Amino acid sequence: MQFSPTNGDFTFVSSTDAEELSGTIDAPDITLNMGPDSTRDTYATTFLRQRGYGWLLEVEEDDAEDTKPLLEELDIDLKDIYYKIRCVLMPMPSLGFNRQVVRDNPDFWGPLAVVLLFSMISIYGQFRVVSWIITIWIFGSLTIFLLARVLGGEVSYGQVLGVIGYSLLPLIVIAPLLLVIGAFEVVSTLIKLFGVFWAAYSAASLLVGDEFKTKKPLLIYPIFLLYIYFLSLYTGV
């Protein structure tokens, strides 16, 4: 027995013995028309891939793990800066600080913050010299660096820049005292000398190593003069 459906899509053949079943289904080709834009995009994609430019079609997914905090992106370590500040303000070896980290692991943001703070304090003393402070820090450090290299020291400019910048902290500490006892000339002079010696010792003890041998005074003296000049920018004298 043969059944022929009216739609003509398939033919089903059956036998009375129900032993042999056979059938055929003819499906026409299916074409999806997504519009002219989709066809154009398909052609462009195929063209780029065939020419070896398939990488232009790749889309990178943002990885949440790659998102870092702002301080980490700027390479700012607040704990490291705080430790270096303590090393500069307390330069005595008996206190147990690893002061060599100020020289061996230099950074830029800590010294810059110290220099900017010193500049803000100097506004009270003499406003017109504030623009010179960062310039003196940069070029004064460059002078110390060149002198150290000539004398045989193994230091980099970044190390000198960081040490000179951090060592301005003693001058910042004595600034409020000078405001209070500025009328007492003798006491004020002693505090100024103490601040300069404090700053110069902190810097020189880090920059002047054993490699200088008998040449240490040749580097200590310019460092001392540099901090005298920094103090004069604050006091206006």
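These legends accompany close-up views of a predicted model.

View 1. Four acidic residues come together here: Glu72, Glu73, Asp75 and Asp77 form a negative surface patch.

**View 2. A salt bridge between Lys84 and Asp80.** Side chains of opposite charge can pair when their charged atoms come close. In this view the side chains of Lys84 and Asp80 meet, with 3.1 Å from N to O. Both residues belong to helix H3 (residues 78-89), and because they are 4 residues apart there, about one helical turn separates them. The structure holds 3 salt bridges.

View 3. The unreviewed UniProt entry gives "transmembrane region" for residues 108-125, 131-151, 163-184, 190-209 and 218-236. Have a look at residues 131-151: this span is 95% helix and 0% strand, and its end C-alpha atoms lie 31 Å apart. For residues 190-209, the end C-alpha atoms are 28 Å apart, with 90% helix and 0% strand.

**View 4. A tilted aromatic pair, Tyr227 and Phe230.** A pair of aromatic rings is described by the distance of the centres and the angle of the planes. The count of aromatic pairs comes to 7. For Tyr227 and Phe230, the ring centres are 6.0 Å apart and the planes meet at 40 degrees, so this pair is tilted. These two residues lie 3 residues apart in helix H10 (residues 216-235), which means that about one helical turn separates them.

Methods: Residues are numbered from 1 along each chain as its sequence is written. This is a predicted model: local features need pLDDT of at least 70, side-chain atom pairs count only at pLDDT 80 or more; totals for chains, interfaces and linings use all residues. Side-chain values use heavy atoms; hydrogens and water are left out. Patches are made of residues with over 30% relative accessible area and no salt bridge: like charges are joined within 9 Å, nonpolar side chains (Val, Leu, Ile, Met, Phe, Trp, Tyr) within 5 Å. Accessible areas come from the Shrake-Rupley method with a 1.4 Å probe; for residues, only the protein chains shown count as cover. Lys and Arg count as positive and Asp and Glu as negative; His and the chain ends are not counted. The place of a charge is taken as NZ of Lys, CZ of Arg, CG of Asp or CD of Glu. UniProt positions are given in the numbering used here, feature names are shortened, and annotations may be inferred rather than shown by experiment. Rings of Phe, Tyr and Trp (its six-membered ring) pair if their centres lie within 6.5 Å; planes under 30 degrees apart count as stacked, over 60 as edge-to-face and the rest as tilted.
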